[in-house]
Amino acid sequence: MAGRMAAYTGDTDTSGETPEAASDGGARRDEAVRAAVEQGLVDPDTPIIGLLDITGIRSSAAALRTAFEAVVAPGTPVLHAFAVKATPLVPVLRLLHEEGIGAEVASAGELALARAAGVPPSRTVLDSPAKTPAELREAMALGIAVNADNPQELARIDGLVQSATTRSPLGLRVNPQVGGGSIEALSTATATSKFGVALRDGGAREWVVRAYLDRPWLTRLHAHSGSQGMPLELMARGVAETYGLAEEINERAGRRQIDTLDIGGGLPVNYASDTQSPTYAEYARLLDRTVPGLFDGRYGLVTEFGRSLLAKHGVVLARVEYAKTAGGRAIAVTHAGVQVAARTVYAPASWPLRVGAYDAKGHPKSGPAVVQNVAGPACFAGDLLAEGRALPLLEQGDYAAALDTGAYYFAHHYAYNSLPRPGIYGFGPDGEGGVRFATVRTPQTLEEIVAESGGRHAGRLSEL
Ligand SMILES: *Cc1c(COP(=O)(O)O)cnc(C)c1O
């Protein structure tokens, strides 16, 4: 235990952490790292892999379901739709589907992944600010719920509704403009956000109300007020604004025209320790307190959580190829950098990641903390997983683990230096006290890299 804690000196805030909650995911991760090394999933020729904690994913899915079951009136239809963009991997979508979680998709590609995973149209929601006519047509032919982003998109949907019958529940996305969080790029409810109809702009609210009164088939209202960096209270205020608008529309319609509220996702993730904080239960209770009426059974609910379901259940494990010093600073040159952690590398202040230090056999390293840079393999100076981080000294042949990378990291490959997409493996107990792995994604081959880089067109430019 002491050894493991020593390995995670990136921890900054452990206040309020219960030892059980802190150790569960960490203990499973340590076992999986050791087993991955022992079983040869990583080795000198396969110097980087991604790992997913299946036990952890299942428990997060259960926590989400029970958090809302505890506050909604019995019988209320609730669809938790996983935001596919957070971890666009088919086996993950299948696992979540089996755990009662649907899919929120925002492109033809994400819809194809959800369908490949077996998520039925009735459990799928299509959002995106730039749906093409073909995407809209396909979604409405399949009966997938669609949220229009803006007046022009609503006009396209008008045309489709007139030309063919659809089972798709249809809604409109609004931006309650409640303000942003600490990360500008992820703040969806600022005054000038690109998403939805900006509710506080002059005349917008009345336009939205009329849009509903003119369209009896418009039965849903959608808002997603932010992601990482957004205070819970601000997210709850966004939901409250959305609920208030639905009440106003239904009152003016003289009937319960809006029957379902899609409250989006965005629960922030704690990247500072193994503790899951805030929890789904805390958010559900906060919504229950701040938006009386939301859960009383008059509205069906859709949620769209992404990051909070997966982030803490993924780890990138990368071999230390070389250890060196420069200007008195220890530097571990590993195989994990910008290709698996683009956000952290390009915006380290917004996206610090914990780094775990493991020895060549996959055991947590102990020993005195040494301030060091954990570098990636890419050819630019800023390719650092962590800069000036105090950790047990990483040496050649050791492994560095980038923690909390189950969402928006290794599934979001960035092809700098034509670095291949690493293999991804799920892990769970083998029933005999050990760890069993299952392939989620095979590593990208050099042939695939060549083919995806125009390999079949090698001579075409010379023809011009
Ligand atoms: C990204 C996104 C989500 C999920 O956000 P997380 O922060 O990953 O929970 C949900 N809904 C919409 C519309 C999104 O764009």
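## Contacts of Arg-329

Contact here means heavy atoms within 4.5 Å. The model is predicted. By that criterion, and leaving aside residues up to four places away in sequence, Arg-329 touches Lys-324, Val-371, Gln-372, Asn-373, Glu-387 and Gly-388.

Arg-329 belongs to strand β12, which covers residues 329–334. Its relative accessible area is 28%, so Arg-329 is classed as partly exposed. Between the C-alpha atoms of Arg-329 and Leu-186 the separation is 33 Å, and the two residues are 143 positions apart along the chain.

## Thr-303 in strand β10

Strand β10 spans residues 300–303 and contains Thr-303. The relative accessibility of Thr-303 is 1%; because buried means under 20%, Thr-303 counts as buried.

Residues up to four places away in sequence aside, Thr-303 is in contact with Phe-68, Leu-79, His-80, Ala-81, Ile-263 and Gly-264. With one of these, His-80, Thr-303 also forms a side-chain to side-chain polar contact of 2.7 Å.

## Ligand surroundings

The ligand is surrounded by 14 residues, and the closest are Lys-85, Ser-227, Glu-304, Arg-307 and Tyr-408. For Glu-304, a polar side-chain atom lies 2.7 Å from a ligand nitrogen atom.

A polar backbone atom of Arg-307 is 2.8 Å from an oxygen atom of the ligand. For Gly-306, a backbone N or O atom is 2.9 Å from a ligand oxygen atom.

## The largest pocket

The largest pocket holds about 490 Å³ of space. Its lining consists of 29 residues, and those closest to the pocket centre are Lys-85, Thr-188, Phe-195, His-224 and Ser-227. Lys-85 and Ser-227 are also among the residues closest to the ligand.

Sorted by class, the lining of the largest pocket comprises nine nonpolar, 11 polar and nine charged residues.

## The second largest pocket

A volume of about 290 Å³ is found for the second largest pocket. Of its 17 lining residues, Gln-276, Ser-277, Pro-278, Thr-279 and Tyr-280 are the closest to the centre. By class, this lining divides into seven nonpolar, eight polar and two charged residues.

Two helices, α3 (54–69) and α10 (280–290), each contribute at least two residues to the lining of the second largest pocket. The most comes from α3, with three residues.

A cis peptide bond is present between Ser-277 and Pro-278, with omega about -5°. Both residues are among those closest to the centre of the second largest pocket. Pro-278 sits in the loop that runs between β9 (260–262) and α10.

The loop between β16 (399–403) and β17 (423–429) contains Asp-404. Asp-404 is not a glycine, yet its phi is positive, at about 60°. Its relative accessible area is 1%, so Asp-404 is buried.

Asn-417 is located in the loop between β16 and β17 as well. Its phi is near 60°, again a positive value in a residue other than glycine. Asn-417 has a relative accessible area of 41% and is therefore partly exposed.

Terms used
Residues numbered from 1 in each chain as written. Predicted model: local features only at pLDDT ≥ 70, side-chain atom pairs only at ≥ 80, totals over all residues. Heavy atoms only, no water. Helix = DSSP H or I, 4+ residues; strand = E, 2+ residues; numbered from the N terminus. Buried < 20%, exposed > 50% of the residue type's maximum accessible area, 1.4 Å probe, protein only. Polar contact = N/O pair within 3.5 Å; in protein donor to acceptor, adjacent residues only side chain to side chain. 1 Å grid on protein atoms, 1.4 Å probe; cavity = no way out; pocket = protein on both sides within 12 Å on 5 of 7 lines; lining within 4 Å. Points joined across faces, edges and corners; volume = space filled by probe spheres on them. Nonpolar A, V, L, I, M, F, W, Y, C, P; charged D, E, K, R; others polar. Near = heavy atom within 4 Å.
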